[in-house]
Protein chains: 2
Amino acid sequence: MHVVVPFDAAAPKTRLAPLLDDSERHALASCMLGDVLDAVTSTHESVSTVDVLATAPLDDDNDHHGQDHADVGVTVDDRPLTDAVNDVVTDTLPDEPLAVVMADLGLATPSALTRLYGTAGDVVLVPGRGVGTNALVVRTPAFRVDFHGTSYLDHRLAAERVGASVETVDSFRLATDVDEPADLVEAFVHGGPRTVDWLTERFELTVDDEEGRVTLDRR
Amino acid sequence: MHVVVPFDAAAPKTRLAPLLDDSERHALASCMLGDVLDAVTSTHESVSTVDVLATAPLDDDNDHHGQDHADVGVTVDDRPLTDAVNDVVTDTLPDEPLAVVMADLGLATPSALTRLYGTAGDVVLVPGRGVGTNALVVRTPAFRVDFHGTSYLDHRLAAERVGASVETVDSFRLATDVDEPADLVEAFVHGGPRTVDWLTERFELTVDDEEGRVTLDRR
């Protein structure tokens with residue numbers, strides 16, 4: 001299986017702006033990319049090649065890729081995500097299956113990804129919060145992705161239109177893309193080592209005594 | 001395995017007040033309870049008895065329990081959740097394992113619950129969004145629950161203190177308790193039949209064209 005990890009290297013995680021400044025958003029996005037690549041490359045059996053699909057060249061300063069993932073390729077493609085990924089679908093299928101794993105899945109683990117790769121189906125979808133698609137496996141060349149809006153529902157319809165079977169993977173870790181400030185709580189508690197280290201240096205958990213709600217606050 | 005489903009029959013889902021009035025919150029909570037009980041009672045093999053642990057007597061008007069779940073008991077206990085559940089722990093263990101499944105898991109399915117019941121461990125935790133514990137299995141009489149605040153982390157510590165092994169179940173469906181307006185999007189798309197019917201009568205999905213974010217709006 002070829003695995004592609006789309007990564008917005010140009011303007012990552014803009015919806016975290018209420019909590020993180022621009023350089024922090026770049027740094028956290030890079031930590032999450034590193035953790036995702038760790039998880040992806042730890043599931044050797046079914047994975048043949050791994051490629052980061054980046055919107056811009058990766059920055060040397062916070063390039064966890066270059067340090068630890070010498071076996072991972074990088075392709076720069078500044079087009080919209082849907083167009084870039086569909087070119088990868090065309091290039092990969094039918095020679096081998098393709099997995100797409102978003103770079104902001106800071107809670108991804110090898111075992112969650114192994115469940116994804118191991119689920120049979122022409123198209124295997126991992127629904128994310130907000131009706132998105134956080135990861136998928138494509139085993140039929142007729143399928144095309146469309147990541148805008150309600151992509152989970154749209155991908156189901158797109159698979160149906162080309163007669164492809166659809167399965168889903170029920171994973172909290174893969175359903176949690178770190179997009180908004182509330183998602184940082186999940187990354188703080190359940191994230192990979194780079195992500196957790198970066199967050200715990202700057203933030204701490206606070207429990208609201210009345211409601212028992214948990215938030216992340218600056219140290 | 002004995003399964004207990006805690007249900008706030010008195011003032012359910014107060015954090016949905018921005019979107020739903022009081023009677024709507026009661027109705028939706030009752031739909032979710034019905035869907036959860038459907039899922040719980042569909043996993044026959046390992047489940048011996050099912051009991052709703054309610055803070056007040058169930059209302060006849062929207063009592064999905066009475067209509068469809070004649071084999072499900074109801075216990076009324078108006079104490080805080082932690083105290084009420086710990087009494088159930090004491091009453092159930094060590095005779096048989098206990099599963100606690102919250103009544104607001106509107107996305108619960110038999111297969112997600114089967115994964116929970118089938119996971120070995122003295123204590124099996126299902127982390128929920130916001131560091132909560134949405135479901136758990138207890139197989140050791142020494143363990144006590146504490147549902148306030150960061151209960152997922154607290155339950156890990158509590159298990160460690162009594163020398164109990166801990167496992168977790170990675171499930172988006174069980175991690176999604178329907179607490180806040182944003183969670184209703186998940187229930188709308190992935191929820192059980194009662195929950196989806198109730199929501200689709202009143203709401204529709206809207207995609208913000210610029211950001212592609214998805215919200216639920218009144219029809």
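This is a predicted model: local features need pLDDT of at least 70, side-chain atom pairs count only at pLDDT 80 or more; totals for chains, interfaces and linings use all residues.
Start with the overall build. Chain A has 8 helices and 9 strands. Its radius of gyration is 17 Å, close to the 17 Å that the globule rule gives for 219 residues, so chain A is as compact as a globular protein of that length. Along the principal axes, the C-alpha trace of chain A spans about 50 × 40 × 30 Å.

Now look at what is covered. Of the 219 residues of chain A, 58% count as buried. The chain exposes about 9,000 Å². Carbon and sulfur atoms supply 47% of that area. Contacts can also be sorted by their span along the sequence. Take those in chain A between residues at least 6 apart: 63% of them join residues at least 24 apart.

Charge comes next. Chain A carries 16 positive and 41 negative side chains. The centres of the two sets lie 4 Å apart.

Lys13(A) sits in the loop between strand E1 (2–7) and H1 of chain A. What is the phi of Lys13(A)? It is near 55°, a positive value in a residue other than glycine. Most residues other than glycine have a negative phi. Lys13(A) has 14% relative accessibility. The cut-off for buried is under 20%, so Lys13(A) counts as buried.

Is Pro18(A) buried or exposed? Pro18(A) is exposed, with a relative accessible area of 66%. Pro18(A) and Glu167(A) are 149 residues apart in sequence. In space, their C-alpha atoms are 36 Å apart.

Step into the helix itself. Arg25(A) lies in helix H1, which covers residues 22–41 of chain A. Its relative accessible area is 12%, so Arg25(A) is buried. Which backbone oxygen does the side chain of Arg25(A) reach? It is that of Lys13(A), at 3.4 Å. Leave aside the neighbours within four places in sequence, and Arg25(A) is in contact with Pro12(A), Lys13(A), Thr14(A), Leu16(A), Ala17(A) and Leu20(A).

Follow chain A further along, to His69(A). This residue is in the loop between helix H2 (64–68) and strand E3 (72–76) of chain A. With 1% relative accessibility, His69(A) counts as buried. A polar contact of 2.6 Å joins its side chain to that of Asp38(A).

Next, a peptide bond to pick out. Most peptide bonds are trans. Leu93(A) and Pro94(A), however, are joined by a cis peptide bond, with omega about 0°. Pro94(A) is in the loop between helix H3 (81–92) and strand E4 (98–101) of chain A. Now turn to chain B. There the peptide bond from Leu93(B) to Pro94(B) is cis, with omega near 0°. Pro94(B) lies in the loop between helix H3 (81–92) and strand E4 (98–101) of chain B.

Back in chain A, find Val131(A). Its place is in the loop between strand E5 (123–128) and strand E6 (132–138). Val131(A) is not a glycine, yet its phi is positive, about 70°. At 1% relative accessibility, Val131(A) counts as buried.

Two stops remain, both in chain B. Ser165(B) is in the loop between helix H5 (151–161) and strand E7 (166–168) of chain B. Its relative accessibility is 35%, so Ser165(B) counts as partly exposed. Ser165(B) and Val124(B) are 41 residues apart in sequence, and their C-alpha atoms are 8.4 Å apart in space. Which residues touch Ser165(B), leaving aside its neighbours within four places in sequence? Ser165(B) is in contact with Gly121(B), Asp122(B) and Val123(B).

The last stop is helix H7 of chain B, residues 181–190. How many of its 10 residues are buried? The count is 8, and the helix is mostly covered. Among the buried ones are Leu184(B), Val185(B), Phe188(B) and Val189(B). Asp183(B), Glu186(B) and His190(B) are buried too, and so is Ala187(B).

Notes:
Residues are numbered from 1 along each chain as its sequence is written. Chains are lettered from A and ligands numbered from 1 in the order in which they are written. Side-chain values use heavy atoms; hydrogens and water are left out. Helices (H or I, at least four residues) and strands (E, at least two) are DSSP runs, numbered from the N terminus. The radius of gyration is taken over C-alpha atoms; the globule rule is 2.2 Å times the number of residues to the power 0.38. Buried means under 20% relative accessible area, exposed over 50%, partly exposed in between (1.4 Å probe, protein chains only). Contact means heavy atoms within 4.5 Å. Accessible areas come from the Shrake-Rupley method with a 1.4 Å probe; for residues, only the protein chains shown count as cover. Lys and Arg count as positive and Asp and Glu as negative; His and the chain ends are not counted. The place of a charge is taken as NZ of Lys, CZ of Arg, CG of Asp or CD of Glu. A polar contact is a pair of N or O atoms within 3.5 Å; within protein, one must be able to donate a hydrogen and the other to accept it, and residues adjacent in sequence count only if both atoms are side-chain atoms.
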